[in-house]
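Subject: Structure for you to look at

Hello,

Here is the structure I promised to pass on. Please open it beside this email; my notes follow below.

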Amino acid sequence: MERNLGVFENYFAVRASLDFYGVVVMWIEYDIPIRDQELISKAVHCMVRDHAPLRATINLHPPDNVKPTVRILDPQEFDVNDYIKYEMKDKLDMVSILNEMHSSKLDPSGILWRIVVVNEKLIAIMFDHTFMDGDSGAMALQYIDKYINNPTEPPLSVDMTMKPLEDLIRINGPLMYNIKEIWNDWMSSGRKSMFEDYAVTSNDEQRWYILHIDKERVVELLQKCRSNGATLTTLFHTILVNALSITYNLDSKYLIECAIPVNLRRKMSSEYSQVMGSFISAYTAHTPATTKFDWKMCKDLKHKLTDATGKDSIAYKVGLLYFMSNKLEKWMSDKIGKRRSTDTEITNVGAKKFQTDGTYTVIDSGFSQGRGVLNPGMALSCIGVAGGSVNITFCYTSSIVKGDEMAEKFLSKFQQILNEI
């Protein structure tokens with residue numbers, strides 16, 4: 001099967017080709033060792049058979065000005081063992097592991113993912129964003145976990161057509177809505193960010209920090225969110241605003257711009273709820289800087305997110321990329337050296353369910369996004385185990401956030417505010 005790249009697929013493919021976006025990493029940790037490597041290999045084999053994005057390759061620059069295409073390989077066309085790496089590290093230093101994995105490159109004309117068995121308890125997947133979003137990565141780990149605990153080859157039941165996003169939702173919103181959003185984008189383009197301008201940086205400037213929130217504390221935070229009409233995403237956003245305002249001494253007139261990716265599967269037919277793909281849009285929150293924590297801010301953002309992720313907003317985002325499809329390379333390249341538009345990003349893929357009645361139990365999970373020239377200055381990636389802990393992975397580039405000392409001050413303040421709630 002071969003077709004043109006969809007608008008979101010094309011966007012992420014171009015970003016990766018310009019070295020403007022790194023791989024995404026997600027991982028799970030088990031309570032006891034898995035010593036049967038063949039079990040993992042069979043799990044990956046069945047997963048690849050069932051999910052077309054894992055067999056997708058890109059032709060980004062075809063001849064004769066033909067649009068970039070995606071080709072879906074047959075499961076028999078490659079050996080899944082070529083895409084599983086066994087490292088078996090004795091000492092688990094997750095930050096060092098992230099540094100190593102995010103520095104890796106995936107061949108854009110080849111298969112755009114790898115399974116990394118870090119040790120007998122920890123399994124990770126690294127993938128390019130073109131055909132998979134954060135929920136897709138979580139689906140892959142859930143699939144592997146299900147097979148490991150129930151090692152029988154399941155019947156094929158997943159959609160195989162791999163339709164692009166624009167075939168699944170409409171791309172033209174009301175005229176007045178588009179005018180309003182174009183105006184908002186234009187107004188924010190001239191603002192001065194607290195962080196440095198867009199610039200190409202070296203890999204050794206990339207930093208990660210993992211904030212672990214244990215099960216008992218997650219329960220407390222969820223209860224407080226529910227009683228205050230908020231969610232964990234809006235809570236983390238409010239803490240982020242407070243910590244940045246204090247760290248960078250921001251005036252109350254400064255609007256902190258934060259991108260919040262939104263899973264579009266909820267807007268699609270139910271059959272796509274468990275289908276891998278690049279099915280995301282984003283809401284951009286503009287929040288006045290403030291040093292005071294306020295639950296009302298959390299609640300208000302929840303309502304704004306609900307309102308702004310309706311059909312009109314989605315249509316605008318997809319329509320914009322559709323319009324820009326032939327101009328993406330120049331548009332991205334021209335940003336270098338110019339003011340940064342988005343300060344931060346919060347990506348929360350939620351609490352994921354894993355097997356609870358098998359031999360192996362997932363006790364922790366993590367999610368990280370790597371360096372990207374066009375990425376926000378400070379990115380937060382969140383994931384949790386249903387009924388268990390949550391991890392927030394902070395990713396930043398030292399020179400962009402004005403040095404490691406400032407970043408460490410921000411991280412300390414974020415954790416302090418969280419602890420005081």
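Predicted model: local features only at pLDDT ≥ 70, side-chain atom pairs only at ≥ 80, totals over all residues.

S8 and S14 pair in the antiparallel sense, over eight bridges. Strands and helices here are DSSP runs, numbered from the N terminus (strands E, at least two residues; helices H or I, at least four). Two strands count as paired if DSSP finds at least two bridges between them.

Residues are numbered from 1 along each chain as its sequence is written, and side-chain values use heavy atoms, with hydrogens and water left out.

The sheet

The S8-S14 pair belongs to an open sheet of six strands. The order is S8-S14-S13-S11-S9-S10, with mixed pairing. S8 and S10 (280-288) are the edge strands. Each has a single partner strand, so one side of each has no neighbour in the sheet. From one strand to the next, the twist averages 20 degrees. Helix H4 (residues 134-149) packs on the sheet and touches S9 (255-263) and S11. The direction of H4 makes about 30 degrees with that of S11. For these angles, axes are lines fitted to C-alpha atoms, for helices over the stretch in contact, and angles run from 0 to 180 degrees between N-to-C directions.

Isoleucine 213

Isoleucine 213 sits in S8. It counts as buried because its relative accessibility is 4%. The cut-offs: buried is under 20% relative accessible area, exposed is over 50%, and partly exposed is in between (1.4 Å probe, protein chains only). Leaving aside neighbours within four places in sequence, isoleucine 213 contacts Val218, Leu221, Phe236, Ser389, Val390, Ile392 and Leu418. Contact means heavy atoms within 4.5 Å. Isoleucine 213 and serine 389 are 176 residues apart in sequence, yet 5.7 Å apart in space, C-alpha to C-alpha.

Aromatic pairs

The whole structure holds ten aromatic pairs. Rings of Phe, Tyr and Trp (its six-membered ring) pair if their centres lie within 6.5 Å; planes under 30 degrees apart are stacked, over 60 edge-to-face, and the rest tilted.

One of them is tyrosine 30 with tyrosine 360: the centres are 6.2 Å apart and the planes stand at 75 degrees, so the pair is edge-to-face. Tyrosine 30 lies in S2 (residues 24-30) and tyrosine 360 in the loop between S11 (344-352) and S12 (362-369), so the pair ties together parts 330 residues apart in sequence. Tyrosine 30 is buried at 0% relative accessible area. Tyrosine 360 is buried at 14%.

Tyrosine 209 and phenylalanine 394 have ring centres 6.1 Å apart and planes at 50 degrees, so this pair is tilted. Tyrosine 209 is in S8 and phenylalanine 394 in S14 (residues 390-397), 185 residues apart. Tyrosine 209 is partly exposed at 29%, whereas phenylalanine 394 is buried at 1%. Ring pairs link Tyr209, Phe394, Phe410 and Phe414 into a cluster.

Serine 193

Serine 193 lies in the loop between H5 (175-189) and S8 (206-213). Its relative accessibility is 6%, so it counts as buried. The side chain of serine 193 makes a polar contact with the side chain of aspartate 343, at 2.5 Å. A polar contact is a pair of N or O atoms within 3.5 Å; within protein, one must be able to donate a hydrogen and the other to accept it, and residues adjacent in sequence count only if both atoms are side-chain atoms. A polar atom of the serine 193 side chain also lies 3.0 Å from the backbone nitrogen of phenylalanine 195.

Best wishes
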